[in-house]
Amino acid sequence: MCGHHVIESVRRRMIDRRSLFTGGAALAGAAAAASFAAPSAAASTSGGTLIDLTHPLSEDFPTYGGDPGFAKEKVLDFAADGLNLYNLTINEHTGTHMDAPIHFSADGQTVDEIPVANLMAPLVKIDIAARAADDPDTTLTPDDINAWISANGDLPERCCVALYSGWGAHTTTDKFRNADADGVMHFPGFHKEATDMLLENSSAIGIAVDTLSLDPGPSTDFAVHYGWLPTNRWGLECVAGLGDLPASGATLIVGAPKNVGGTGGPTRVFALT
């Protein structure tokens with residue numbers, strides 16, 4: 001797409017087009033540009049309402065390891081070149097992102113191998129935000145799953161179970177990592193007994209959290225990752241907007257990347273309610 005001859009062709013077309021943007025043409029262009037203003041977190045469709053569950057990705061977004069996971073370098077500029085273009089450097093597990101099965105297994109599916117049928121699922125939201133506000137090390141347990149079932153009925157077939165802790169409100173502060181003086185992080189995650197319960201008693205294909213990890217912050221054994229992902233199920237981390245969703249009834253849509261051999265990657269996630 002961006003070979004030298006293509007760039008030169010684009011530049012020539014842009015120069016020719018600039019002569020058209022006078023008088024009424026300029027007004028029409030301004031109106032068209034206004035119609036493509038930055039979208040809100042929700043949009044109505046004929047099938048319901050779409051809720052964006054993706055944090056904006058920038059150099060400042062906190063990461064599990066603490067170092068920036070995203071950088072961009074501008075290599076073409078509209079004023080000089082007739083188009084804008086960046087080179088991106090991205091850690092796969094940065095921002096709102098997917099953990100593919102291969103991330104914690106020897107031979108699980110890579111992100112490009114996940115069937116597209118597994119990227120759309122009924123969403124089960126389990127709210128532990130009140131507990132997390134008092135105890136950042138709290139976990140989603142089998143009791144929480146059973147309480148959800150008592151209130152909402154059986155888990156839907158091939159669902160995604162999402163932990164909502166309210167932690168997404170802290171992405172612009174140090175509390176998102178919540179590291180203590182020894183560097184140990186403190187934020188909610190799934191308890192392994194809960195994911196074991198899902199493996200044994202449900203057809204769930206994914207789990208999601210609004211924190212930096214499927215495991216709770218202090219974890220050193222990553223038991224949830226090692227127990228869940230090798231079964232060719234996926235996880236989502238740093239999911240935004242879960243507080244805007246009902247406990248049941250929404251459909252999750254996962255725009256996972258398709259980089260060959262990838263262990264995951266930044267992902268556009270949204271829900272249809």
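Reader: What makes Arg233 count as lying over the face of Trp228?

Author: A charge sits over a ring if NZ of Lys or CZ of Arg is within 6 Å of the ring centre and within 35 degrees of the ring normal. Arg233 lies over the face of Trp228 at 5.5 Å from the ring centre. Lys72 is likewise placed over the face of Tyr86, at 4.8 Å from the ring centre. This is a predicted model, in which local features need pLDDT of at least 70 and side-chain atom pairs count only at pLDDT 80 or more, while totals for chains, interfaces and linings use all residues. Residues are numbered from 1 along each chain as its sequence is written, and side-chain values use heavy atoms, with hydrogens and water left out.

Reader: Why is the pair of Phe61 and Phe176 called edge-to-face?

Author: Rings of Phe, Tyr and Trp (its six-membered ring) pair if their centres lie within 6.5 Å; planes under 30 degrees apart count as stacked, over 60 as edge-to-face and the rest as tilted. By this rule there are four aromatic pairs. The ring centres of Phe61 and Phe176 are 6.0 Å apart and the planes stand at 70 degrees, so the pair is edge-to-face.

Reader: Why are Phe61 and Phe176 called buried?

Author: Buried means under 20% relative accessible area, exposed over 50%, and partly exposed in between (1.4 Å probe, protein chains only). Phe61 has 8% relative accessibility and therefore counts as buried; Phe176, at 0%, is buried as well.

Reader: What kind of aromatic pair do Phe104 and Phe222 form?

Author: Their centres are 5.9 Å apart and their planes 55 degrees, so the pair is tilted. Phe104 is buried because its relative accessible area is 16%, whereas Phe222, at 23%, is partly exposed. Phe104 and Phe222 also belong to one aromatic cluster with Tyr64 and Tyr226.

Reader: What is the closest N to O distance in the salt bridge of Lys74 with Asp77?

Author: The closest N and O atoms of Lys74 and Asp77 are 2.8 Å apart. Lys74 is partly exposed at 38%, and Asp77 is partly exposed at 31%.

Definitions and conventions: A salt bridge is a side-chain nitrogen of Lys or Arg within 4 Å of a carboxyl oxygen of Asp or Glu.
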